[in-house]
Amino acid sequence: MKRRDFLKTGTMAGMGAGLTYLNFPVFGQKAPSNKVVLAVMGVNSRGNWLAQVAAKLPGAEIGYICDVEDGAIDKGLRAVARAGQQRKPEVIKDIRKLLEKKDFDGLMVAAPDHWHAPAAIMGCAAGKHVYVEKPCSQNGNEGELLVQAARKYNRLVQMGNQRRSWPNLQQAAKEVKEEGIIGKVYYARGWYVNNRAPIGIGKKIAVPATLDWNLWQGPAPRKDYLDNIVHYNWHWRWHWGTGEVCNNATHELDCMRWFMGVEFPTKVTSAGGRYAYPPDDWETPDTQTINFEFEGGKSISWEGRSCHPFELEGSGRGFVIFGDKGSLYNSGGDSYKILDIKGKLVKEVKQQDAQQNVTNTVSPGGEFLDGIHINNFLESIRGKAKLNSDVETVGHPSVVLCHLANIAQREGRVLHCDPKNGHILDDDAAAALWSRTYEKGWEPKV
């Protein structure tokens, strides 16, 4: 079944509580009762893709594009046009001015990581429902503020950890958690590999005329413009980014936490560093191994290699859940295998979208699977579904694992944490990294 047909027709068995895809009237996107108007912030890469996918969904329309770089704006407009939307979105560069507009329902945030929580909080305060890409925060405190904002303003906030909406993984989670298909689970292992090039030493140059560097920095304290930051390499600088852990481990850590039924850890360790290339401006680890321990005798580990493509377990990314009666293997997509304790294949479920590329930096899930997750957000706005990745119960707890891993790495020691909220215990220096400083006047407020 093709993606568009799937989203237009009835319920799919095994999709999870509250998730139903209803038939849309013949008016399609023009039906007033179904139409959800969206604004997309950050459309150079991931946001460009989100805008294109969302514009194709029944009853959705991209009303606004918000970006601070002219080239990205052009890409976003072309993406929406390519999706077949007749209306040309209005372009507003300043998120503050965008949120003064009353004629749109939801804000999609895909700007750099330091913008995710501040923009989402501002969106909630302005009365908008929010779809925020992972990670939903640049630090643990921001995530807590975003949860508070969603509650205070009674807004829906969905994080872009799309696997929570993938039908086969929903089925797999049910089999593991409710049916005990692999017995009592006690350990999970995840991984991600890539072949990223060095980023060199940035040169201080004049800000390009096409970029509003002040707005790009937004809530982050001001720094000089360097020629190797925009558009992607900010990921590897602590001032703006969160490293490969928040960039990619978010997905596997979220799935492992989901399948194992755990929340916040009691103990976190991390080992690794910037190993692959001579010193450059890359600050976060390119090689990292993380371990989490949880109450109830359960643990999770993750291995990441940003600069070496050798696959683990036959795939560039994925996870394995281990139980006392067998294991569940996922190779990064919407598929899984169940093996018994002797390694014999018991069950295999394959994904529907054969075009999926699990290490694609823009869309590992592809249009079909991304569309399901975005449509869940739209249907929740309409009151016809429940969010699959609500920021309070799903998004924030999973991202906290990533932040704790980064803090353990930066501090170089074991972290002991409160299992109720993930807060770091008896370590003031590490706990100081739970939050950050902001540019004056840009502090996130609830």
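**Exercise 1. Classify Glu-313 in this predicted model as buried, partly exposed or exposed, and state where it lies.**

Step 1. The relative accessibility of Glu-313 is 45%.
Step 2. A buried residue has under 20% relative accessible area and an exposed one over 50%, with partly exposed in between.
Step 3. Glu-313 therefore counts as partly exposed.
Step 4. The residue is placed in the loop between β10 (298-305) and β11 (317-323).
Step 5. Its backbone also deserves attention: Glu-313 is not glycine, yet its phi is positive, near 50°.

**Exercise 2. Carry out the corresponding analysis for Asp-426.**

Step 1. Asp-426 has a relative accessible area of 83%.
Step 2. Exposed means over 50%, so Asp-426 is exposed.
Step 3. Asp-426 belongs to the loop between β15 (415-416) and α12 (428-431).
Step 4. Phi of Asp-426 is near 55°, a positive value in a residue other than glycine.

**Exercise 3. Determine whether Arg-164 is buried or exposed, and list the residues it touches.**

Step 1. Arg-164 is located in the loop between β6 (157-159) and α7.
Step 2. Its relative accessibility is 9%; the limit for buried is under 20%, so Arg-164 counts as buried.
Step 3. Not counting residues up to four places away in sequence, Arg-164 touches Gln-170, Asp-254, Arg-257, Trp-258, Asn-388, Ser-389, Val-394 and Ser-398.

**Exercise 4. Describe how helices α7 and α9 pack.**

Step 1. Two packed helices are described by the angle between their axes and the distance between the axes.
Step 2. For α7 (residues 167-177) and α9 (residues 243-260), the angle is about 40° and the axes are 8 Å apart.
Step 3. From α7, the residues in contact are Leu-169, Gln-170, Ala-172, Ala-173, Val-176 and Lys-177; from α9, they are Cys-255, Trp-258 and Phe-259.
Step 4. Sorted by class, this contact comprises seven nonpolar, one polar and one charged residues.

**Exercise 5. Examine the length of helix α3 and the arrangement of its buried residues.**

Step 1. Helix α3 (residues 70-82) has 13 residues and, at 1.5 Å a residue, should span 18 Å.
Step 2. The C-alpha atoms at its ends are 18 Å apart, which agrees.
Step 3. Buried in α3 are Ala-72, Ile-73, Gly-76, Leu-77, Ala-79 and Val-80.
Step 4. These residues cover an arc of only 160° around the axis, so they lie on the same side of α3.
Step 5. An α-helix has 3.6 residues a turn, so residues three or four places apart point the same way.
Step 6. Ala-81 and Arg-82 are exposed on the other side of α3.
Step 7. The buried residues of α3 are covered by elements including α2 (46-56), β2 (60-66) and β3 (90-91).

**Exercise 6. Characterise the largest nonpolar core.**

Step 1. The largest nonpolar core has 47 residues.
Step 2. Among those with the most contacts inside this core are Leu-253, Phe-259, Ile-321 and Leu-328.
Step 3. Helix α9 gives the most to the core, with nine residues.
Step 4. A second, separate core has 43 residues, including Ala-39, Val-68, Ile-95 and Leu-226.
Step 5. Leaving aside neighbours within four places in sequence, the contacts of Leu-328 include Ala-172, Val-176, Phe-259 and Ile-321.

Terms used: Residues are numbered from 1 along each chain as its sequence is written. This is a predicted model: local features need pLDDT of at least 70, side-chain atom pairs count only at pLDDT 80 or more; totals for chains, interfaces and linings use all residues. Side-chain values use heavy atoms; hydrogens and water are left out. Axes are lines fitted to C-alpha atoms, for helices over the stretch in contact, and angles run from 0 to 180 degrees between N-to-C directions. Helices (H or I, at least four residues) and strands (E, at least two) are DSSP runs, numbered from the N terminus. Contact means heavy atoms within 4.5 Å. Ala, Val, Leu, Ile, Met, Phe, Trp, Tyr, Cys and Pro count as nonpolar, Asp, Glu, Lys and Arg as charged, and the others, Gly among them, as polar. Buried means under 20% relative accessible area, exposed over 50%, partly exposed in between (1.4 Å probe, protein chains only). A nonpolar core is a set of buried Ala, Val, Leu, Ile, Met, Phe, Trp, Tyr and Cys residues joined through side-chain atoms within 4.5 Å. The expected span of a helix is 1.5 Å times one less than its number of residues. The arc is that of the directions from the helix axis to the C-beta atoms.
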